Amino acid sequence: MVLQRRENVIVMKADAFTDRIVKMYQFLTTNRYESIMTKQILRSGTSIGANVAESINAQSTADFINKLNIALKEADESHYWLKKLHTGGYLKDSEFESMEKDVIEIIKLLTSIIKTKKRNTESLDSHK
C-alpha cells in the first residue's frame, strides 16, 4: 500500500522551481557560457526545494519554521541572482520574467506559511 499525501502547494511549487533552476543552469553554462552566477543560483535555487522537503518531517514546530525560513532566505538569494543574470544579459526579458514570477510566488507562499504557523503557535502557547 502506498501512502498518499495530501497535495501540498509549496512542495509542488518549490519542486517545479528546482527543476527549472537545474535546466536553466544547464542551458546557461552550455549555451551562454556563464558559470559563476549560475553556480550560485543552482545552489540557492535547489536549496529552496531541499529545505521545503525537509520541513515535511520536521521534529518540532520550531524546526518546521526554521526549515521554511532557510528556504525563504534561499528564495530571496535566488531572486537576487536572477536579477543579476538578467542585468548581465544572460537571461532574456521573457526568461527572467517567467523565473521571477515563480520565485516571487514561492517567497509569498513561504512568508504566509511562516507567519500563519507562528501566529497559530503563539495562540496555542497563550492558551496554556
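Helices are DSSP runs of H or I with at least four residues, and strands are runs of E with at least two, both numbered from the N terminus. With that convention, Y33 falls in the loop between α1 and α2. The model discussed here is predicted, so local features need pLDDT of at least 70 and side-chain atom pairs count only at pLDDT 80 or more, while totals for chains, interfaces and linings use all residues. Residues are numbered from 1 along each chain as its sequence is written, and side-chain values use heavy atoms, with hydrogens and water left out.

Y33 is a handy place to start. Its phi is positive, at about 50°, although the residue is not a glycine.

Attention now turns to the packing of helices. Helix α1 (residues 9-31) and helix α3 (residues 61-87) have axes that come within 14 Å and cross at roughly 30°. Here the axes are lines fitted to C-alpha atoms, for helices over the stretch in contact, and angles run from 0 to 180 degrees between N-to-C directions. Angles under 35 degrees count as roughly parallel, over 145 as roughly antiparallel, 65 to 115 as roughly perpendicular and the rest as oblique. The helices α1 and α3 are therefore roughly parallel to each other. Their crossing is left-handed, a term for a near helix turned anticlockwise from the far one by less than a right angle, with clockwise giving right-handed.

Contact means heavy atoms within 4.5 Å. On this criterion, F17, M24 and L28 of α1 meet S78, L82 and L85 of α3. Sorted by class, this contact has five nonpolar residues, one polar and no charged ones. Also in helix α1 is T18, which is buried, with a relative accessible area of 13%. Apart from neighbours within four places in sequence, T18 is in contact with G45, T46 and G49.

Charged pairs complete the picture. Side chains of opposite charge can pair when their charged atoms come close. A salt bridge is taken as a side-chain nitrogen of Lys or Arg within 4 Å of a carboxyl oxygen of Asp or Glu, and the structure holds seven salt bridges. One of them joins E95 to R32, with the closest N and O atoms 2.8 Å apart. This pair links distant parts of the chain, as E95 sits in helix α4 (residues 93-126) and R32 in the loop between α1 and α2 (36-56), 63 residues apart. E95 is partly exposed, at a relative accessible area of 24%.

R43 takes part in salt bridges with E74 (3.2 Å, N to O) and with E77 (2.5 Å, N to O). R43 lies in helix α2 and E77 in helix α3, so this pair ties together parts that are 34 residues apart in sequence. Through shared partners, salt bridges join R43, E74 and E77 into one network. Within it, R43 counts as partly exposed at 39% relative accessibility, E77 is partly exposed at 23%, and E74 is buried at 12%.

Note on methods:
Ala, Val, Leu, Ile, Met, Phe, Trp, Tyr, Cys and Pro count as nonpolar, Asp, Glu, Lys and Arg as charged, and the others, Gly among them, as polar. Buried means under 20% relative accessible area, exposed over 50%, partly exposed in between (1.4 Å probe, protein chains only).
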